[in-house]
Each structure stands twice: as structure tokens, then as C-alpha cells.
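The following paragraphs lead the reader through a structure, one region at a time. Please keep the sequence and the model in view while reading.

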Amino acid sequence: MHDRRFRFGVACSKGRSRQEFTELARKAESLGYSTLFVPDHFVDHDLAPTVALAHAAAVTDDLRVGTFVLGNDYKHPVVLARELATLDLLSDGRLELGIGAGWMTADYEKAGIPLDRPGVRIARLAEAITIIKGLFAPGPFTFHGEHYRVTDLDGMPKPVQQPVPFFVGGGAPKILALAAREAQIVGVNANLRSGDGTSPDAARSMTPEATDQKIGWVRDAARDRFDDLELQALVGFVYVTDDAKRILEGIADAFGVSVDDARVAPPCLVGTEDEIVASLEERRERWQMSYHVIDDGSIDTFAPIVARLAGK
Amino acid sequence: MKPFRFGVQVSQVGSASEWRDKARKLEDLGFSTLFMPDHFGQELAPLPAIAMAAAHTTTLRVGSLVFDNDYKHPAILAKEAATIDLLSDGRLELGLGAGWMRTDYDQLGLPYDPPAVRVDRFEEALHVIKQCFTGEQFTYHGEHYRITDYASWPEPVQQPRPPLLIGGGGKRVLSIAAREADIVGINPNLRAGEIGLEAAKDSLREQTDRKVQWIRDAAGDRIDEIEIQMRFFITSVRPDRMKLAEALAPTFGVSPEEALESGAALVGTEDEIAEQLHRRREKWGLSYVVVGDDNVDEFAPIVAKLAGT
């Protein structure tokens, strides 16, 4: 059973040099963040995740490192499995393996990778997760699926963590059900069916009521696993401020949701330190959500809250 | 004539601390570069491992020997390579090949296309990767890859790009390498899909002479910019080299003297090996010497003597 203690991650969007990225990783560690996450897109200015996380792990001692999240369609799962097992081995077991079905239309178009309909991408992701887990386990592995064919392969190296925590996030029933069955960490995210993370459709899928519904989907699919799952949210809007109202009105206006919804929505943490702490406790109460990931731009302003809640 | 430098190809590591110590040791001993292969047997994945080796060191160069083009989309590989180059402050050497190891393809369920197709695809990938390294937006619609309005990020620290290392044993790949690469690796011809007797025989002196000629013919004026590299598989620092040569000779089907001159062998006392390397540099232009992980200690005095000269 998961203890629901709070922990916090930092999603990296910076890292313009060896020095800057090294300092970011060490700072995240020293401020008490649990995990540094690196996203996986072509079109944004992101570092390549497996490489960047390897560097981050090498320059820290305890910081966990996570992919946020790997687009399954970008690499063959056998290639991914080996890179991730290597990362886990050489970080002494600090990997969190975030993987998703792939969604960002621009990535696919620019790189000339076929963008199949969501159902196909999710089915392929499910196969990939089976393969990666199979290669992490002892002994040779064979899998002949719809999308991949792996024959008699003993995945090397084996990861240190048994099991490596998988992180799967999403905003729609199919993907959340897959997460509930396969992952240790479930990300309760926006619905990204539009292919655009900032669309009104994505924003409306993040209201508290929509979140209730998602947690319900997770619970239904997880059955008796639900208590073992760690539930995570990506908090894109962190404002430590005495004037929450003004900021929340701006967010509400921009995304077409009510101010009250914006106040409680998982992607928003707006208010004084005390208000944010209270809000995080409410979210844990209501949704069992205990793992929150902020953008690296907020690493300092959010640090006092991490100091108060991490491990509590 | 290029100064000598030395690389070590490492494929297995037990733990995080062992890896850190190994990288630092190679740096301390004066080796230029830590290379990792890219296969699906006992080997670690090269990318995260060399990224970590670079993080643990300050001057050691890190590289792939070599990435198999068929395992990844070239735009992804380019981004990963540029990220290593950025986070290592410009210490990547990007080794690329068209792919050859049959067992990898079978185990992954990847089609093992005829060599000509793999090499065609490889040439397209090279074009894509070079474009990615410019950081400029580009479009490329080839037979195998379709890139549209894409600008890769980050830009590598080394400009115009991290050194490209292309190795091969056949005329076509070596000619591509001579035209496109900064480092040309002379390998046995691996058309059989495995390292066996055919590959061993293809590394004899006469065959190596011929490969060097292909490189010179294709390189033209570029020849002076290119570093020639060889990965030595039969390596031993020892006093009685003829004894080993006599044992090897029947396998190659040549005399013991000829076995010693094989492009895959580096056997003898420290002085004999140094003399042999000088001769090979004179004759083949070979200046970049790569040995295996097991040879690090015995080769350290040779590295101390020759590196940078």
C-alpha cells in the first residue's frame, strides 16, 4: 500500500549548458525535490531525455531521474528498454520510467513518423510496456504482438530496481486504465486528444469535476491495485502570491473555466504558502494525489512548500 | 601526419561506481576516448553510459563505436548526440554505421535488408543528422526519411558538428566515410553478419592496403583532414610475439609474420608495438588506435609514450 506521503518533482525545460543543467540537478536535490524529469519532444527546446537524465544522475547522489514522458513511437521498445535499464543500473536505481502513447502532432509531422489514431497508439504502448517489463525480468523473452516481434532476447543489462517504477499519465479512460493496470505512478493529466497541450479542450479536461471522473476511471481499472498506486499531477501554474484572486481570474479567463475551478484544478497552485499547503492537503484528501511536479522556472518559489511537505 | 591518440572500447560495466572509476582512470592514463558499441547482447546501452562517463570527467572524449543506424530515427539520434555534446562541453565523437549484426535484427524483429538498402538508408540518415546539427530549419524528403520544416535543438557545442566517425570494410561504405566523415574506421568486411573467419581474413595486410586505397581515392583533397582509426581485436603486450603469431597463423591461413601484420593485430613488446604503430601510420595513415577494455593496463605505457606525438 502506498503511504501517500508528499513528494515533488521538477520538470526541466532549461539546461542550455553543462554548467546550467548540472546546477539545476544539484539544486533540485538540495532543495528536497524528489525527482528531476525531462520531457521528450522534438519541437520544443528540450534536451534528449535519456542523455540528460544520465548526466543528472551522475552529478547527484540521491535525486531520482524520470522521463516525462517518453513518446513510445519514437523508439523501438527494445532500444528503450536497454537505455533505461542502463540508466537505472548506472544511477544505482534512481530511474522513474515515464512513458506515453505519444500525442504531439508537430513531433510526428516534422520527423515523418506516422501518427496513428489514439486507439492504435495506446495498443502499441501497451505492447511496448509488456516488452520493456519482459526484458527487465530475468531470462530470455519472446513476444509476438500486433506491433512488435521480439524473439528470444535476454534484455541486458538488468535494472537495479525490481521493479522499476513505471509512470503512465493521461486524461482519457483508455490510457488511464492502462496506467492503472501497469504503472506504479499514475499521472492525472489533461486530455490531449487535440494534439495541443494548451487548447481549451485540454484545459476543460482539468476541472475538479473532470478530475473526480478521472480518478474514478483509475479506481475502476486498478481494482485492488488502487491503494498501491501513487497519483501524480503536473502543476504548470505555480504562483506564490498574496493576491490569488487576480491570478486565478487571469487563468480562468484564458482557459474558459471558472475561478473556483482554477483554484482547485490540479495544474494550478496559486496563493500564499499556507494556502498552497492547504490546497495540496485537500487534493490528497480528495484524490489521493501526493506527487506534484512543477516546472523548473518555479523551483525557487515553490521550495518553501517542498520544505514543509516533502515526506509528510 | 596526425598525432597518435588512443581509444578504449568498453561494453560491460557492473555498477555506477565502477563506471565512474573506469572513466576517470582512462582519463588519467591519457586515453583520448571511451567508446561503446551498440548491440543487444551483454552490452549496456551506449547513450546513457557515455553521457555519464562524460559527466564524471572533464577532458575524456566519449563516443559510439558505432551506433547502428537502423535502431533509431536519425532526428532522434541527432538530438541525443547534440545533447551529449552540449552536456559534455563538446567531447562527443559520433560513430555511425549502416548496421550489420544479424542477431540484433532478428531479436528485435527488424527487417535485415540487403546491404545496399541499409547503406542507402544510412546515407540519407547522414544527411539528416548533418542538417540537424546546423540548428537551421530544413525539409528533406528521401526514400527512407521524411523530415518537414524541422529545426533540431540543441546545437552541438563542437562546430560545425561533433566529429563523425564512420567505419566500414567494403568499398562503398569506406568511400562514403572518406567523403563524409572526420574519422574513418577501417574494419573487417562484415557482410556475413557476424565476426568470424571471413572477417578475420579480411583484416590482413593486403586487404587493409586495398581499403586504404579506397579511402584515398574517395577522399581526394579531404584526406589530410581525416583521421584513420582501427579497432584492434588481437592485442597483447608480451615479449615472445612469434609464439602467439604461430598459434594464430593457421586460423588466418597465412605465415606467422603475416598474421602479426594483420590490421586486427597489435602484438609484441612495448617497443615493438610502438615501432609497428609508427610504420602503420606511415603506410596507412593510421593514427587513432582503439583497443579493448582488457588491454587498458598493458597499453597504458604505450599510450604514455605515443599519445599526442
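Helix α3 of chain B, residues 74–87, has 14 residues and spans 20 Å from its first C-alpha to its last, close to the 20 Å expected at 1.5 Å a residue; the expected span is 1.5 Å times one less than the number of residues. Helices (H or I, at least four residues) and strands (E, at least two) are DSSP runs, numbered from the N terminus. The model is predicted: local features need pLDDT of at least 70 and side-chain atom pairs count only at pLDDT 80 or more, while totals for chains, interfaces and linings use all residues. Residues are numbered from 1 along each chain as its sequence is written, and chains are lettered from A and ligands numbered from 1 in the order in which they are written.

α3(B) is mostly covered, with 14 of its 14 residues buried. A residue is buried if 20 or more other C-beta atoms, placed from the backbone, lie within 10 Å of its own, exposed if 12 or fewer do, and partly exposed in between. After α3(B) comes B:D89, which has a positive phi near 55°.

Strand β9 of chain B, residues 183–186, is covered on both faces: B:I183 and B:G185 on one side, and B:V184 and B:I186 on the other, are all buried. Strand β8 of chain B, residues 164–168, runs parallel to β9(B) and is joined to it by four bridges; two strands pair if DSSP finds at least two bridges between them. B:G168 has B:I186 of β9(B) as its bridge partner.

B:S15, by contrast, lies in the loop between β1 (5–9) and α1 (16–29) of chain B. B:S15 counts as exposed because it has 12 C-beta neighbours inside 10 Å.

In chain A, helix α5 (residues 118–136) and helix α6 (residues 173–182) pack at an angle of about 10°, with their axes 10 Å apart. Axes are lines fitted to C-alpha atoms, for helices over the stretch in contact, and angles run from 0 to 180 degrees between N-to-C directions. The two helices are therefore roughly parallel to each other, a term for angles under 35 degrees. Residues of α5(A) in the contact are A:I122, A:L125, A:A126 and A:I129, and those of α6(A) are A:K174, A:I175, A:L178 and A:E182; contact requires C-beta atoms, placed from the backbone, within 7 Å.

Finally, the contact between the chains takes 40 residues from chain A and 40 residues from chain B.

Definitions and conventions
Parallel < 35°, antiparallel > 145°, perpendicular 65-115°, else oblique. Contact = placed C-beta atoms within 7 Å.
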